[in-house]
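Have the structure open as you read.

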Amino acid sequence: MRLLCLPYSGGSAMFYARWRRLLPSWIDVRSVEWPGRGARMDEPLATDPGELASQLAAEIHARLDGRYALFGHSLGALIAFEVAHSLLDRGAPAPAILFASGAEAPAVRDGSKWRLPLSDDALLEELRNLQGTPDEALSNTELMRSALPVLRADFLMCGAYTYRPRRPLPCPVHVFGGVDDETSRESLQAWRRETSAELSLDMLPGHHFFIHTQQAELLDLIGSALARQSGRSIGSHRSEDHERILRPATY
């Protein structure tokens, strides 16, 4: 099973490199890098989420050779959702499962406050509020000089995202949320309208970046979900706050 992982705002896909060592060997973790960062530093930063998803889907489609799943955190979850639809439009098989982490359902999110470019001070304040960046990094002028343009472009994508109602995805959607995150349970449950299969929701301790602080439990849940989809035997894996929502397979 290939697990294609998309980064969050301001991040690089290289964050997921460590997952290759932490997930079972039968899960082939592939980091999906966006233009303007990491190995694609020479490419222009994307600010249109639809164009980015279409570009990534074309690149992924050309290399698909087996079962795959998609994972995205925050903005990455929205892009993963759009990539899934774009892949289906291209005639590709549906992902085995879509993992949407730390993101409201596309139909209920409001990105209006990010439609205009944020100043450096406003971006730094957003980083502090999200509680995912160490203070020493925020105070490192040289580091922030290179990071803020990427973050500004990503926030513009958050503001530019427009939801388009379509047929629900034919694959299960597994949602992760942080118990102390501003993202509400209701907005996470609203992902149910985006799948004609099963919706699962796991709430993990922590704020928006529980992807860092609860990495072990998160990976345990991802591995268990992929094992179920692959027909592999698994043990009992359950977070402290778990619910499973079944949606009828109708449009």
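Q: Which residue forms a salt bridge with Arg2?
A: This is a predicted model, where local features need pLDDT of at least 70, side-chain atom pairs count only at pLDDT 80 or more, and totals for chains, interfaces and linings use all residues. Residues are numbered from 1 along each chain as its sequence is written, and side-chain values use heavy atoms, with hydrogens and water left out. A salt bridge here is a side-chain nitrogen of Lys or Arg within 4 Å of a carboxyl oxygen of Asp or Glu. Arg2 has its closest N–O contact at 3.2 Å, and the partner is Asp65.

Q: Is Asp65 buried or exposed?
A: Buried means under 20% relative accessible area, exposed over 50%, and partly exposed in between (1.4 Å probe, protein chains only). Arg2 is at 14%, so Arg2 counts as buried. Asp65 is at 61% relative accessibility, so Asp65 counts as exposed.

Q: How many residues apart are Glu82 and Arg166 in sequence?
A: Glu82 and Arg166 form a salt bridge, with the closest N and O atoms 2.8 Å apart. Helices (H or I, at least four residues) and strands (E, at least two) are DSSP runs, numbered from the N terminus. Glu82 sits in helix H3 (residues 75–89) and Arg166 in the loop between H6 and strand S5 (173–178), so the pair ties together parts whose separation is 84 residues.

Q: How many salt bridges are there in the whole structure?
A: Another one pairs Asp154 with Arg37 at 2.9 Å, and both of these residues are buried. Searching the whole structure gives a total of eight.
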